[in-house]
Amino acid sequence: VRVRQALSLAINRQAICDAIYEGSAQPADDILPSSMEGYREGAWAYAAYDPDKAAQLLDEAGYAADANGKRNLSIALTYNLDGDHKAVMEMVMADWSALGIETSSNTAEWASILSNTYPNADFQVGRLGWIADYPIMDNFLYPLFHSDSLGGDNRSGYSNPEFDAKVDEARTTVDDKERVAKMQEADAMVAADCPVIPIMFYTHTVAGSDRIKHLYVDPQKHADLGTAELA
């Protein structure tokens, strides 16, 4: 767990958002996006940039740096080359290398990664993206981390009976505030275990005109033209 936490703390998320996305993406500090009910700023303590703390955790985990700053730790990063993923992963690997970790790329087509790599847990660290079907915490926490989702969307192989029980309890809670609070407790558990490393949230960028008086664009970037009005 200390190695996973260190790998997360080593990543300069703001630099990735600025250099590759020109500030349009947001550094992730939770597995949940900031627009979702239940999100808490800084909820994932290890989804931050602190290379000194990362180095300390690697030392504690038995991967102390030698006289040349190298550690007896090598990481193969599996990812697809579509879009900006290569550029993002190269910055991630550069951050790890700066800590003395030997890094290498394991690239393949996205379909091949999904069908061959993840179901068999045949990887060390891999890139994945997630978009919720419903704007609720459950749509992140249950499919990505619950033991029932092993072999499905739970690609990290995370399995924690205490987490499962808390999510199951939340799923049977009718009161909205109580359900969100229980989901936040579950989120805190997985944040500490760090089975995945949140990097960033994409944002929707829409170009407009002062000729448009009203236009609603939903979270899935669908424009409601039926209610659009011209100025």
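This is a predicted model: local features need pLDDT of at least 70, side-chain atom pairs count only at pLDDT 80 or more; totals for chains, interfaces and linings use all residues.
Residues are numbered from 1 along each chain as its sequence is written, and side-chain values use heavy atoms, leaving out hydrogens and water.

Helices (H or I, at least four residues) and strands (E, at least two) are DSSP runs, numbered from the N terminus. Axes are lines fitted to C-alpha atoms, for helices over the stretch in contact, with angles from 0 to 180 degrees between N-to-C directions.

| Helix pair | Angle | Axis separation |
|---|---|---|
| α2 (residues 13-21) and α4 (residues 85-97) | about 145° | 10 Å |
| α7 (residues 161-171) and α8 (residues 176-193) | about 165° | 8 Å |

In the α2 and α4 pair, Ala-15, Ile-16, Ala-19, Ile-20 and Tyr-21 of α2 meet Ala-87, Val-88, Met-91 and Val-92 of α4, where contact means heavy atoms within 4.5 Å. By class, this contact of α2 with α4 has nine nonpolar, no polar and no charged residues.

Helices α7 and α8 are roughly antiparallel to each other, a term for angles over 145 degrees. Residues in their contact include Glu-162, Lys-166 and Arg-171 of α7 and Arg-179, Lys-182 and Glu-185 of α8. The classes here are seven nonpolar, no polar and seven charged residues.

Arg-211 lies in the loop between β5 (200-201) and β6 (212-214). Arg-211 is exposed, with a relative accessible area of 61%; exposed means over 50% (1.4 Å probe, protein chains only). Not counting residues up to four places away in sequence, Arg-211 touches Leu-230 and Ala-231.

Technical notes
Ala, Val, Leu, Ile, Met, Phe, Trp, Tyr, Cys and Pro count as nonpolar, Asp, Glu, Lys and Arg as charged, and the others, Gly among them, as polar. Buried means under 20% relative accessible area, exposed over 50%, partly exposed in between (1.4 Å probe, protein chains only). Angles under 35 degrees count as roughly parallel, over 145 as roughly antiparallel, 65 to 115 as roughly perpendicular and the rest as oblique.
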